[in-house]
Amino acid sequence: QAALSAVGEPIVNRVLVKRMKVMDAVRDVSPAMMLDFFKTTLTTNFLKFPFFEAINAFCAALPIPPAIRGVFTGFVFTTATLPVTNYRYRK
């Protein structure tokens, strides 16, 4: 997933943040930039995914319905990892 993100996210970032056309964004991103961004995606994935699993394991022990557990897990995960996601998208 980090490799796919390293290829796709720099292009998406240019389209969404810099308001570039898709083909201009594709031409603007070089393999060196993708490799550099791979380091960022790998690091953030190593932070986010174990954290998600910990939240999920904690919630599995709670006596609540699965739908509520999913909402709670999603809320805590997205709220806690928002700074990491923002850093990654602004990189």
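Visitor: Is arginine 19 buried or exposed?
Guide: Arginine 19 counts as exposed, at 66% relative accessibility. The cut-offs are under 20% relative accessible area for buried, over 50% for exposed and partly exposed in between, with a 1.4 Å probe and protein chains only.

Visitor: What kind of model is this?
Guide: This is a predicted model, in which local features need pLDDT of at least 70, side-chain atom pairs count only at pLDDT 80 or more, and totals for chains, interfaces and linings use all residues. Residues are numbered from 1 along each chain as its sequence is written, and side-chain values use heavy atoms, with hydrogens and water left out.

Visitor: Back to arginine 19: where is its place?
Guide: Arginine 19 is in the loop between H1 and helix H2 (22–28). Helices are DSSP runs (H or I, at least four residues), numbered from the N terminus. Although arginine 19 is not a glycine, it has a positive phi of about 60°.

Visitor: At what angle do H1 and H3 pack?
Guide: Helix H1 (residues 2–16) and H3 pack at about 115°, and their axes are 8 Å apart. Here axes are lines fitted to C-alpha atoms, for helices over the stretch in contact, and angles run from 0 to 180 degrees between N-to-C directions. That makes H1 roughly perpendicular to H3, a class that covers 65 to 115 degrees, with under 35 as roughly parallel, over 145 as roughly antiparallel and the rest as oblique.

Visitor: Which residues of H3 does H1 meet there?
Guide: Residues of H1, including Ala2, Ser5 and Arg14, meet Met33, Met34, Phe37, Phe38, Thr41, Leu42 and Asn45 in H3. The contact of H1 with H3 divides into 10 nonpolar, 4 polar and 2 charged residues. Nonpolar covers Ala, Val, Leu, Ile, Met, Phe, Trp, Tyr, Cys and Pro, charged covers Asp, Glu, Lys and Arg, and the others, Gly among them, count as polar.

Visitor: And serine 5, what does it touch?
Guide: Not counting residues up to four places away in sequence, serine 5 touches Pro10, Phe37, Thr41 and Arg88, where contact means heavy atoms within 4.5 Å. Serine 5 is buried, with a relative accessible area of 9%.

Visitor: New topic: how many aromatic pairs are found?
Guide: A search of the whole structure finds 1. Phenylalanine 52 and phenylalanine 77 form this edge-to-face pair, at 5.3 Å centre to centre and 80° between the planes. Rings of Phe, Tyr and Trp (its six-membered ring) pair if their centres lie within 6.5 Å; planes under 30 degrees apart are stacked, over 60 edge-to-face and the rest tilted.

Technical notes. Helix = DSSP H or I, 4+ residues; strand = E, 2+ residues; numbered from the N terminus.
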